[in-house]
Amino acid sequence: MKKTAIMFSSFAMCLLSFNSVAEAVDIYGRAHLGVANSDTNEGSKTSVESYSSRIGIKGSGEINEGLKAVYKFEFAVNAADQDSDGKTEENISARNQYVGLQGSYGQIVLGRHDTALKISQGKIDQMNDFNGDVKALFNGENRLGDVVHYSSPIVGNLQFVVTYIAEDNSKQDDETGISAAFIYGDSKLKNTPYFVSVAHDSQVAGYDITRFTAQSKIGDLVVGGMYQQSEKVSGSDTEDGFLLSASYKIDKYKLLAQYQDSEGDFGKLKDSGTGTSVGVERSLSKQARMYMWYTQFSLDNKADEDHLAVTLRYDF
């Protein structure tokens, strides 16, 4: 307890010690919407959907040579929502939001942040933000408040990331949680042609999870795989699952494919089964792109699901 108090006191003293801040402020966002047709146990319907559209502000200010303050406030915007008509909290929700320090030792922040295990997936999820997202059948994709998040400097392509979740978080059942990951390589596969990570959650949002991820680039082909084992903290329920993904770039097009298999019901769909997705991405400009994709879930205890969509994404 004394060590924790000393750590937070030192952190506060650092924030209060600088007299002037030369800020670099960045306002950014993503508008990503599409027309989707979904066939589920509730029937078939066509809708306009928002796929993790967002807006945010981030920046930094120098405290002294080699040390700066950093901050980010990012919000998800459901740009297609009609039920709340943009007038309630359902239209806007919190994403990563924090303030912290960055220096030669790495970066430490306080607030709301993706856990180390979530970060450890890199870019393996070719269906990210779509119905075939890894979280459909896997758990562990947590973005939590009441956290202290540390990212070490990258040394020899190796980085250590750890997230401490305080017991005050409503998902922690009055227990502290730790999420940690070792990451080797480049998640964007630009500086290195490979990405490998191992991560573990201990008592995070009610689960203990171990995850292994690997991805590699061979010319225009990118292939990856993930294995995960999850166990409920309050019980003996366990879940094993794996994911395989691939993409292949042809000029301005990128072909996408992904397969998931889970033996448990810890994911968003709350059922075991498989998910198969295929799609194509078309680059329109540096900031704009279109997608067409199809996902089919074969579930063990619920009706199978089919999802088809055409989407437009613009980053600014």
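**Labels and the values behind them**

Analyst: Let's start with Q258, which has a relative accessible area of 5% and is buried. Keep in mind that this is a predicted model.

User: What makes Q258 buried?

Analyst: The cut-off for buried is under 20% relative accessible area. Q258 comes in at 5%, so it is buried. This residue sits in strand β14, which covers residues 253-262.

User: What does the side chain of Q258 make a polar contact with?

Analyst: The partner is the side chain of D125, at 2.9 Å. The limit for such a pair of N or O atoms is 3.5 Å, so 2.9 Å qualifies. Leaving out residues up to four places away in sequence, Q258 also touches others, including I124, M127, V134, L244 and T276.

User: And S104, why is that one called exposed?

Analyst: Exposed needs over 50%, and S104 has a relative accessible area of 68%, so the label is exposed. S104 is in the loop between β5 (92-103) and β6 (106-114). Not counting residues up to four places away in sequence, S104 touches G66 and P153.

User: Why does N78 count as partly exposed?

Analyst: Buried stops under 20% and exposed starts over 50%. N78 has 29% relative accessibility, so it counts as partly exposed. N78 is found in the loop between β4 (67-77) and β5. From C-alpha to C-alpha, N78 and A31 are 9.6 Å apart, while in sequence they are 47 residues apart.

User: How many aromatic pairs are there?

Analyst: The count comes to eight aromatic pairs, taking ring centres within 6.5 Å. In one of them, the rings of F242 and Y259 have centres 6.1 Å apart and planes at 45°.

User: What makes the F242 and Y259 pair tilted?

Analyst: Stacked means under 30 degrees and edge-to-face means over 60. The planes of F242 and Y259 are at 45°, so the pair is tilted. F242 is in strand β13 (residues 238-250) and Y259 in strand β14, 17 residues apart, and the pair links distant parts of the chain. F242 counts as partly exposed at 35% relative accessibility, and Y259 counts as partly exposed at 29%.

User: Which residues do ring pairs link into a cluster?

Analyst: Y51, F130, Y291 and W293.

User: How do you know that K58 lies over the face of Y28?

Analyst: The charge has to be within 6 Å of the ring centre and within 35 degrees of the ring normal. K58 is at 5.0 Å from the ring centre of Y28 and lies over its face. R282 lies over the face of Y253, also with 5.0 Å to the ring centre.

User: How confident is the predictor, and where is pLDDT below 50?

Analyst: The mean pLDDT of the protein chain is 91, and 90% of the residues reach 70 or more. Over residues 1-8 the pLDDT is below 50, and this stretch has two contacts beyond near neighbours in sequence. Residues 10-22 stay under 50 as well, with 16 contacts beyond four places in sequence. Where pLDDT is low, the predicted coordinates should not be read in detail.

User: And what is in the protein chain overall?

Analyst: The protein chain has two helices and 17 strands. Of its 316 residues, 43% are buried.

How values were computed
Residues are numbered from 1 along each chain as its sequence is written. This is a predicted model: local features need pLDDT of at least 70, side-chain atom pairs count only at pLDDT 80 or more; totals for chains, interfaces and linings use all residues. Side-chain values use heavy atoms; hydrogens and water are left out. pLDDT is the predictor's confidence in each residue, from 0 to 100. Contact means heavy atoms within 4.5 Å. Helices (H or I, at least four residues) and strands (E, at least two) are DSSP runs, numbered from the N terminus. Buried means under 20% relative accessible area, exposed over 50%, partly exposed in between (1.4 Å probe, protein chains only). A polar contact is a pair of N or O atoms within 3.5 Å; within protein, one must be able to donate a hydrogen and the other to accept it, and residues adjacent in sequence count only if both atoms are side-chain atoms. Rings of Phe, Tyr and Trp (its six-membered ring) pair if their centres lie within 6.5 Å; planes under 30 degrees apart count as stacked, over 60 as edge-to-face and the rest as tilted.
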